[in-house]
Amino acid sequence: GGGINCSNSKPKLQNLIIKNNDSEYAGGIYIGEGSEVNIENVIIHDNKSMGGTGIWCHSSWMAVVNVTITNNISSEPSGGMAIQARSTAFLYNVIIWDNFPEQVTIENSLNKVSFYHCNIEGGEAGLIFNETSNDEVNWGDGNIGENPQLNETKQLTNTSPCIGSGT
């Protein structure tokens, strides 16, 4: 990961801004090889890589709470988040918006992913499945797909549809 690389670890990443990183893979955060990562109150933006630019979770477990992932660019699938290879992910109050080319890619089978009170560009249709047939996705309560209306510091504006829609 260009910003943070977590392999075989159990970190708690809290109250961070991860921005302007450039890496071959995972410009923001890489989570791999059996890691268990908690990410809370984090903004991940303006990172670049070949794939999984905002967060790339590979063969690991993650809980992502109150996180904004925006304006990340990838030359391969998933500018926002890539979840791969038997990973488990719980997302609560997460905004994934305006990443290129996709918002969320789930691939390489047997992933378990749950979304609650999230705002994903394209809604549930914004989830892309590649090379997979055995993933378990729970599109839970309170999810939306509306422009989050972020300001220049990637915070919500007063008119954001996300205000009051979280848990």
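Trainee: In which strand does asparagine 119 lie?
Mentor: This is a predicted model, in which local features need pLDDT of at least 70 and side-chain atom pairs count only at pLDDT 80 or more, while totals for chains, interfaces and linings use all residues. Residues are numbered from 1 along each chain as its sequence is written, and side-chain values use heavy atoms, with hydrogens and water left out. A strand is a DSSP run of E with at least two residues, numbered from the N terminus, and the one that holds asparagine 119, covering residues 119-120, is β13.

Trainee: How many disulfides does a search of the whole structure find?
Mentor: A disulfide is a pair of cysteine sulfur atoms within 2.5 Å, and the search of the whole structure finds none. For cysteine 57, the nearest cysteine sulfur belongs to cysteine 6 and is 9.8 Å away; for cysteine 162, the nearest is that of cysteine 118, at 9.7 Å. Cysteine 162 is buried, with 13% relative accessibility, but neither cysteine 57 nor cysteine 162 is in a disulfide, and the count for the structure is 0.

Trainee: How many degrees lie between the planes of tyrosine 25 and tryptophan 56?
Mentor: Rings of Phe, Tyr and Trp (its six-membered ring) pair if their centres lie within 6.5 Å, and planes under 30 degrees apart count as stacked, over 60 as edge-to-face and the rest as tilted. The count by this rule is 5 aromatic pairs. Tyrosine 25 and tryptophan 56 form one that is tilted, with the centres 5.1 Å apart and an angle between the planes of 55°.

Trainee: How many residues apart in sequence are the parts that this pair ties together?
Mentor: Tyrosine 25 lies in the loop between β2 (12-19) and β3 (29-32), while tryptophan 56 lies in strand β6 (residues 55-58). Tyrosine 25 is partly exposed at 30%, whereas tryptophan 56 is buried at 14%.

Trainee: Which residues do ring pairs link into a cluster?
Mentor: Tyrosine 25 and tryptophan 56 already form a tilted pair. The cluster linked by ring pairs consists of Tyr25, Tyr30 and Trp56.

Terms used: Buried < 20%, exposed > 50% of the residue type's maximum accessible area, 1.4 Å probe, protein only. Helix = DSSP H or I, 4+ residues; strand = E, 2+ residues; numbered from the N terminus.
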